Amino acid sequence: MASSSTNVGNIENRFFLCSLCLETLKDPKAPPCVHRHCRKCMQMVIARKKGTFNCPQNTFKKDNVRRCHGCEETKMVTSYCFKCRGFLCQQCSQIHLSDKMVQDHLPHLLNLQTIDVRSLTLEKLTSLTEDPRCVVHVKRLAEMCCETCGNILTCVECCSFGEHKGHVTHEVKILAKREGEKLKKMMSELEECRDNLYKLPKRVAEVRQALDANITAQLEKARSEHRKASERILKKAEKDKAVLEKQRKEIIKRKEEDFDLVHRELEEEMKKLKAKYDNILKEKERNYSKEEGKVAERTSVVDEKSSVELEDLNKKLRSYEERVKASRNDIEKRITDVADHSTHTINRYENFTATAKTVQASHDEWTEAQCLPVITAAGETLIDDAKKEFGDLESLSKTSVRDTLMLSGSVGITGTHDSVVDITGIGSGWNVCGITSGSDGNIVVTGYAQSDKSHITVINREGWVVRQNRINTVPGSGYAPNRYCHTLSEHLTATVCQSNQVGLYDNRSGKYVSKNIQDININWPGCASCVCTDILNNIYVGGHGRDVLVFDDQLNYHRTINLPGVIHRPRDIAVHEDHLIVCDWEGKRPYTVTMQREEAKVVHQLPKPDVDWHPLSVCTDSSQYIYMLWYGPGDGCILTQYSQDGRQLLTTGKVDDDAWCITTIITDAGEKLLVGTWGSKKMYTFGLLDE
């Protein structure tokens with residue numbers, strides 16, 4: 001039980017007392033100033049002030065007209081007796097000062113006429129007030145708190161025999177000690193987060209600065225490549241024209257030589273042969289004119305070709321600049337979200353610590369018993385937000401547009417593979433379903449591991465395992481745990497499993513987070529069988545139906561793209577500029593479709609090779625050329641290359657019969673094409689030739 005010496009004056013008014021009636025709060029309400037008052041007290045003030053309310057804790061008026069507790073008349077009151085718990089007029093106040101029957105009230109009498117609001121401290125109020133008493137037995141000191149009734153103050157009798165019998169009750173000292181220890185632990189934990197929390201704004205500023213420098217460097221590099229390529233095209237055109245001009249001059253020279261020969265012969269047989277050689281001259285004139293005309297036509301073709309190439313080059317630069325700007329806007333939004341989180345969390349932290357320190361400084365068990373549960377409840381969510389580290393924040397400044405601006409001519413595939421390696425560390429009975437490359441030169445392969453597990457394996461160019469995770473399948477899915485993958489950002493890989501699981505894998509740490517597609521409350525008709533990403537870090541997931549699901553880089557579901565009816569079952573998908581390439585396994589056709597609206601439309605169908613096979617896997621290189629694996633049951637696999645618009649089939653070549661997935665990788669020797677095999681677990685590397 002609290003002793004009479006307890007420093008009650010330090011109890012925060014917003015938790016215990018109404019500043020209007022100076023009694024324990026009943027049905028408390030808070031105006032904008034956040035000071036709490038009884039509902040009825042506020043209603044009386046609003047009625048008397050004709051709809052306005054001035055908080056007495058903000059302004060204390062001495063000309064206070066109230067009902068006197070002594071004579072029960074409404075008049076100007078001059079003092080307040082904390083023993084009687086009521087206001088007193090001048091006459092009743094004098095009686096309190098002189099009457100021996102109420103002599104014990106003198107220490108609890110507050111003179112309202114001489115008091116200075118600025119000097120009215122909590123210590124002063126403490127000397128005037130009494131320890132809190134039971135709300136039922138007002139003559140008894142409150143010794144207990146009833147948790148069932150919101151930590152209301154009560155006595156032992158009420159807890160044992162009265163209205164609080166059977167409720168969850170606590171002794172004030174025990175409750176205050178328990179909550180105090182809980183708050184102390186929470187304050188210590190918050191203090192550990194403080195440095196990182198205050199460093200976050202600086203990190204945000206540094207990331208923004210680094211991002212500006214990175215984007216500026218990328219654009220400058222692209223413009224420099226554009227200038228060099230333009231100069232190369234113009235130089236080649238001039239060189240070709242110089243060769244043609246030389247040919248024209250040689251023709252003229254031969255013409256002159258022939259003319260001289262004819263003239264010499266003509267002089268010898270002037271009269272006899274004049275008519276004959278006149279005809280010869282005319283015939284030769286016609287022939288030479290035709291040759292000159294052909295040279296002029298070829299010169300015109302060279303001019304037209306160089307003009308078309310320059311215009312195409314300019315379009316690529318404009319498209320690249322637009323993609324860079326779009327990527328910049330998306331990154332800036334993510335940085336702003338971190339900055340807003342930082343500012344909001346710091347404000348909450350400062351408010352929380354100020355409130356907690358005020359309660360701790362009171363050293364009062366009543367304050368701690370009632371205030372600390374509210375404070376600690378707010379602190380739990382604050383700790384979670386303060387602990388967020390945003391580990392990938394700095395990497396945002398290094399983000400680059402993956403489909404870089406390519407200013408070279410056409411690209412072809414080397415006739416045979418450059419190398420082939422065995423992928424080590426893949427267990428017996430496992431397979432390779434997906435392959436993608438990381439920015440650090442490593443490669444990620446995924447696939448089936450066991451009947452209830454799939455694998456994600458990071459390997460180097462020699463096929464040695466760098467890191468490997470085995471992931472449990474979604475219980476009760478009914479599908480084999482075949483897993484597919486595609487690069488999302490510098491260190492993250494987007495991956496899906498046929499058991500309808502979409503996830504993100506950190507290539508450096510091996511950390512894996514996922515979501516069950518069936519839990520997203522969407523009508524998903526089948527199992528996930530393919531995945532790809534775009535430059536804005538959106539993730540596209542296809543399955544055995546015509547729906548393609550779109551997620552952001554936090555695995556939040558955004559929308560669904562409905563593929564056209566001509567497509568039966570997507571086997572693989574790839575983003576190609578503003579369109580989506582779809583390998584229709586059952587229809588044995590690849591299509592380019594729109595992806596901006598919910599209902600996708602066919603842009604065009606990619607040409608088929610001269611076989612009635614299934615399109616199996618698709619990828620694009622940094623020049624936007626398209627590569628596709630085709631599978632014929634019992635016949636093996638072929639690899640095809642398409643033009644940048646996907647309308648021309650450029651090359652076709654035989655590859656390993658067990659080939660199953662393809663991707664590209666940037667190396668010191670240039671861009672390469674990787675082909676992974678299903679069961680034999682091999683990786684073939686093909687060179688891409690700049691023609």
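Start by selecting residues 670–677, strand β33: 7 of its 8 residues are buried, so this strand is largely enclosed by the rest of the structure. Here buried means under 20% relative accessible area, exposed means over 50%, and partly exposed lies in between, computed with a 1.4 Å probe on protein chains only. Strands are DSSP runs of E with at least two residues, helices are runs of H or I with at least four, and both are numbered from the N terminus.

Before moving on, a word on what is loaded: this is a predicted model, in which local features need pLDDT of at least 70, side-chain atom pairs count only at pLDDT 80 or more, and totals for chains, interfaces and linings use all residues. Residues are numbered from 1 along each chain as its sequence is written, and side-chain values use heavy atoms, with hydrogens and water left out.

Pick T663 in your viewer, and you will find L674 of β33 as its bridge partner.

Next, zoom out to the whole protein chain. Its 691 residues, 45% of them buried, include 7 helices and 34 strands. Among contacts (heavy atoms within 4.5 Å) between residues at least 6 apart in sequence, 52% join residues at least 24 apart.

Which strands make up the open sheet here, and in what order? There are 4, running β16-β17-β18-β19 with antiparallel pairing. At the edges stand β16 (483–487) and β19 (512–516), each with a single partner strand, so one side of each has no neighbour in the sheet. Neighbouring strands are turned by 20° against each other on average, direction ignored; the axes are lines fitted to C-alpha atoms, and angles between N-to-C directions run from 0 to 180 degrees.

At 26% relative accessibility, H486 is partly exposed. Beyond its neighbours within four places in sequence, H486 is in contact with T436, T493, A494, V531, C532 and T533. The side chains of H486 and T533 make a polar contact at 3.1 Å. Such a contact is a pair of N or O atoms within 3.5 Å; within protein, one must be able to donate a hydrogen and the other to accept it, and residues adjacent in sequence count only if both atoms are side-chain atoms.

Then jump to T345 in helix α6 (residues 270–362). T345 is buried, with a relative accessible area of 0%. Its side chain reaches the backbone oxygen of H341 at 2.7 Å. Leaving out residues up to four places away in sequence, T345 touches L197, L382, D385 and A386.

Finish with the rings: the whole structure holds 6 aromatic pairs. Phe, Tyr and Trp rings (the six-membered ring for Trp) pair if their centres lie within 6.5 Å; planes under 30 degrees apart are stacked, over 60 edge-to-face, and the rest tilted. Show Y80 and F87, an edge-to-face pair with 4.7 Å centre to centre and 70° between the planes; both residues are buried. Last, select W585, Y631, W660 and W678, which ring pairs link into a cluster.

Notes. Two strands pair if DSSP finds at least two bridges between them.
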